[in-house]
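Subject: Structure handover

Hello,

I am passing this structure on to you. Please look it over first and then read the notes under it.

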Amino acid sequence: MPIAHAQSAGGLSFLVVGDWGEPDNHAGALKVAGAMAKVAEQAKISFVISAGDNFYETGVKDVSDTLWQNAFENIYSAPSLQCPWYVVLGNHDHTGSVQAQIDYSAKSRRWTMPAVYYSISKPVTPSASVDFFFLDTEPLREESWWNRMTGLERDPARQLAWLEASLARSTAKWKILVGHHPIFSGGEHGDTAIMVERVKPLMEKYGAQIYMSGHDHDLEAIRQGPVTYLVSGAGSRTRPIGKHAGDTFSASQLGFMLVELGDDKATATFLDEDANLLHKEEIAAVGKA
């Protein structure tokens, strides 16, 4: 189904997909990848955002792990997907080598993860830009059996201090946060309490408009206060989803998002594994500029 574009020429378009890195059963991921390729070509996207759980079940061992080819390179092989992929880590990624996912950035022409958390800026139109803030949400959770399992050194306070300082410095019209764990979700895992407590207030204080995540294997849009929360965690698996206060859309459906930014409006289009349109969420640039 053709996608009706909401943004005029000069806007910025990109895809968002999460929870996709299957080690063996690639059927779902391949279908979603095919749909992504069609939409990417039609929408002339600039990049892809991966919302984490890039490799099941236990991440990658090193930069030569066969999962790089089997779950990433050979799945998202279409020419229209040979663009930058900006990546965050999921809980499953933390059970393997986090450093390998950072180091693969030097080996790949498209995989981009310079650190466990980082920011990038992009022009949208001659009069608007966007700052993206990519988070490592696993160590931000108050209690995590993954943390006890891996024994990794974590410093949530340092990451939160970096986030607040970065948001405070930002003069971009659009401010978008990306993390694996949802702040709000009607899916199996539900809301992430520490994110509600520590990240949500920062977004509201500094005028961020959008938080994008995966983790729950579904598609969802939630409006809470001035922020829109988008879940795109259905890159290869689905689970049932319930209702959440503030829901404007939810579906237990394989798929992904196309996000289009313009001067004053963003459109998040949810699509299924056949590139059929499921829902369009329109978001105004109402935050502090």
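Predicted model: local features only at pLDDT ≥ 70, side-chain atom pairs only at ≥ 80, totals over all residues.

Residues are numbered from 1 along each chain as its sequence is written, and side-chain values use heavy atoms, with hydrogens and water left out.

The sheet

Helices (H or I, at least four residues) and strands (E, at least two) are DSSP runs, numbered from the N terminus. Two strands pair if DSSP finds at least two bridges between them. Seven strands make up an open sheet with mixed pairing, in the order 4-3-2-1-12-13-14. Its edge strands, strand 4 and strand 14 (277-284), each pair on one side only.

Strand 12 is mostly covered, as seven of its seven residues are buried (buried means under 20% relative accessible area, exposed over 50%, partly exposed in between, with a 1.4 Å probe and protein chains only). Gly255, Met257, Val259 and Leu261 point one way from this strand, and Phe256, Leu258 and Glu260 point the other way. Strand 1 and strand 12 run antiparallel and are joined by five bridges; here Phe14 has Val259 in strand 12 as its bridge partner. Strand 12 also pairs with strand 13 in the antiparallel sense, over seven bridges, and Val259 has Ala268 in strand 13 as its bridge partner. Three residues lie between strand 12 and strand 13, which form a hairpin. Seven bridges, again antiparallel, connect strand 13 (residues 265-272) with strand 14, and Thr269 stands opposite Lys280 in strand 14.

Helix 1 (residues 27-43) lies across strand 1 (12-17), strand 2 (47-50), strand 3 (85-87), strand 12 (255-261) and strand 13. The helix runs at about 15 degrees to strand 12 (axes are lines fitted to C-alpha atoms, for helices over the stretch in contact, and angles run from 0 to 180 degrees between N-to-C directions).

The aromatic rings

Rings of Phe, Tyr and Trp (its six-membered ring) pair if their centres lie within 6.5 Å; planes under 30 degrees apart count as stacked, over 60 as edge-to-face and the rest as tilted. The whole structure holds 25 aromatic pairs. Trp68 and Tyr104 are stacked, because their ring centres are 3.6 Å apart and their planes are at 10 degrees. This pair links distant parts of the chain, with Trp68 in helix 2 (residues 67-73) and Tyr104 in helix 3 (residues 98-107), 36 residues apart. Trp68 counts as buried at 1% relative accessibility, and Tyr104 counts as buried at 4%.

Phe72 and Trp111 form an edge-to-face pair, with 5.1 Å from centre to centre and 75 degrees between the planes. This pair also links distant parts of the chain: Phe72 is in helix 2 and Trp111 in strand 4 (residues 111-112), 39 residues apart. Phe72 is buried at a relative accessible area of 0%, and Trp111 is buried at 1%.

Two charges sit over rings (NZ of Lys or CZ of Arg within 6 Å of the ring centre and within 35 degrees of the ring normal). The charged end of Arg110 is over the ring of Phe72, 4.4 Å from its centre, and Arg237 lies over the face of Tyr56, at 3.8 Å from the ring centre.

Glu22

Glu22 lies in the loop between strand 1 and helix 1 and is buried, with a relative accessible area of 8%. Not counting residues up to four places away in sequence, Glu22 touches Tyr56, Leu67, Ala71, Ser236 and Arg237 (contact means heavy atoms within 4.5 Å).

Backbone angles

Most residues other than glycine have a negative phi, and most peptide bonds are trans. A cis peptide bond joins Tyr56 and Glu57, with omega about -10 degrees, and Glu57 is in the loop between strand 2 and helix 2. His215 has a positive phi, near 75 degrees, and is found in the loop between strand 8 (210-213) and strand 9 (219-224). Ala275 has a positive phi of about 70 degrees and lies in the loop between strand 13 and strand 14.

Regards
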